[in-house]
Amino acid sequence: MNSSSGPLIRPSLLLLLILLPSFAFKPSHADPVKWILTKECTLKVNGSTNINKFSCIVPEYVQPDTLICYKENKNGPLKISGSMALDVQKFDCKHAVMTNDLRKTLKAKVYPKIIIKFLNLSKYPDLYNREEAIKGAVTIELAGIVKHFEVDYKYTMTGNGNLKLIGTKQVNFSDFNISPPRKLGGMIKTNNELNVEFVLNIKTLN
Amino acid sequence: MKRIILSGLIAGAILFTLCYGGLYIGIRLFPVLFMDYNNPLFNSDGNRDVFFYMHAFIISFALSWFWDRFKGLFQGHFVLRGLEFGFVYAMVSLLPVMWITFSSLDITFFMVLSWFLYGFFQAVIAGTLFAKLNP
């Protein structure tokens, strides 16, 4: 009896052994949502020297990327995987000399990309409750240094139904081992603080 | 030689105070005029600041030596001698240097003009001092 049922059991056992790991490692209730970053994404950096203020912007994002959000539940925190990589050479300060100076300061020739990696959000944007603040963690890679930051987000819907997520964070040149530029023996000094604002224009895919 | 060094040192100290003091005040009073210095052409990491601040003494010692060699050519009241000395320096040295600087670097005419007038002012002050200290 044993010898005749053995060959019948073995294929079932084998199938179970193959399928079991896929059930075991599937995240519970995780519901991945794809966020397509469109070319309307921007990055703005506001700073100041002791004689003027400057505002420099990467006005568009020419290589659309995808972020994947894992919704565990409707109001809970969610993990994100994905990043955006912006060209430092695309910074425009509306003043050619300052634009060149910023690119040099950010070591654009050696480190041509700013990479913002998205890690999580405190909750999924609720489009019926837009006043609610959302926080999220990102890492920013600039001039070869990667730093972790908590970012404050605001969000809104655009006319074409995209989600617009606006993240702001104050960072320092020194966070990235960059010395703020100083000219004429230090008589003209750039302040260490920079206000970074990135606008994510997101097309949602379920 | 002693007179060259001594008058160079005194002129250097006075030019240091006047020029950097004037620059410090000028930047605060007229910041717009200095915005073009946020330019990658200018050193920005501070590793040459010492050289920048030594300039007043470098130009003073150079002009002191030049004055000692050619002071006989400058006649009259000490202020007039200083003015003529400054004018000669501006024509012989500053004008050609500023000309090639403007033609080759991406800087504004106003910036070059301000350097020319700054150098002329330095040489007049130095010349006037030399006319008193080493007549």
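Which residues does Leu133(B) touch, not counting residues up to four places away in sequence? The views below start there. This is a predicted model, in which local features need pLDDT of at least 70 and side-chain atom pairs count only at pLDDT 80 or more, while totals for chains, interfaces and linings use all residues. Residues are numbered from 1 along each chain as its sequence is written, and chains are lettered from A and ligands numbered from 1 in the order in which they are written.

**View 1. Leu133(B) and its partners.** Leu133(B) sits in helix α4 of chain B; helices here are DSSP runs of H or I with at least four residues, strands are runs of E with at least two, and both are numbered from the N terminus. Setting aside residues up to four places away in sequence, Leu133(B) touches Ser7(B) and Ile10(B), where contact is taken as C-beta atoms, placed from the backbone, within 7 Å. Between Leu133(B) and Ile10(B) there are 9.1 Å from C-alpha to C-alpha, and the two are 123 residues apart along the chain. With 16 other C-beta atoms within 10 Å, Leu133(B) is partly exposed (20 or more would be buried, 12 or fewer exposed, and partly exposed lies in between).

**View 2. Chain B as a whole.** Chain B has four helices and zero strands, in the order α-α-α-α along the sequence. Its C-alpha atoms fill a box of roughly 45 × 25 × 25 Å along the principal axes. Of the 135 residues in chain B, 23% are buried. Among contacts in chain B with a separation of 6 or more, 85% join residues 24 or more positions apart.

**View 3. Helices α3 and α4 of chain B.** α3(B), residues 78-104, packs on α4(B), residues 109-133, at an angle of about 150°, with the axes 7 Å apart. Axes are lines fitted to C-alpha atoms over the stretch in contact, and angles between N-to-C directions run from 0 to 180 degrees. The pair is therefore roughly antiparallel (over 145 degrees; under 35 is roughly parallel, 65 to 115 roughly perpendicular and the rest oblique). This crossing of α3(B) and α4(B) is right-handed, meaning that the near helix is turned clockwise from the far one by less than a right angle. Their contact holds 17 nonpolar, six polar and two charged residues; Ala, Val, Leu, Ile, Met, Phe, Trp, Tyr, Cys and Pro count as nonpolar, Asp, Glu, Lys and Arg as charged, and the others, Gly among them, as polar.

**View 4. Helices α2 and α4 of chain B.** The axes of α2(B) and α4(B) come within 10 Å and cross at roughly 50°, which makes α2(B) oblique to α4(B). Residues of α2(B) that meet α4(B) include Leu63(B) and Trp67(B), and among those they face in α4(B) are Ala126(B) and Phe130(B). This contact has six nonpolar, four polar and no charged residues.

**View 5. Where chain B touches chain A.** The contact takes 18 residues from chain B and 18 residues from chain A. On the chain B side, α1 (2-29) and α2 (49-70) each supply at least two residues.

Note on methods
Two residues are in contact if their C-beta atoms, placed from the backbone, lie within 7 Å.
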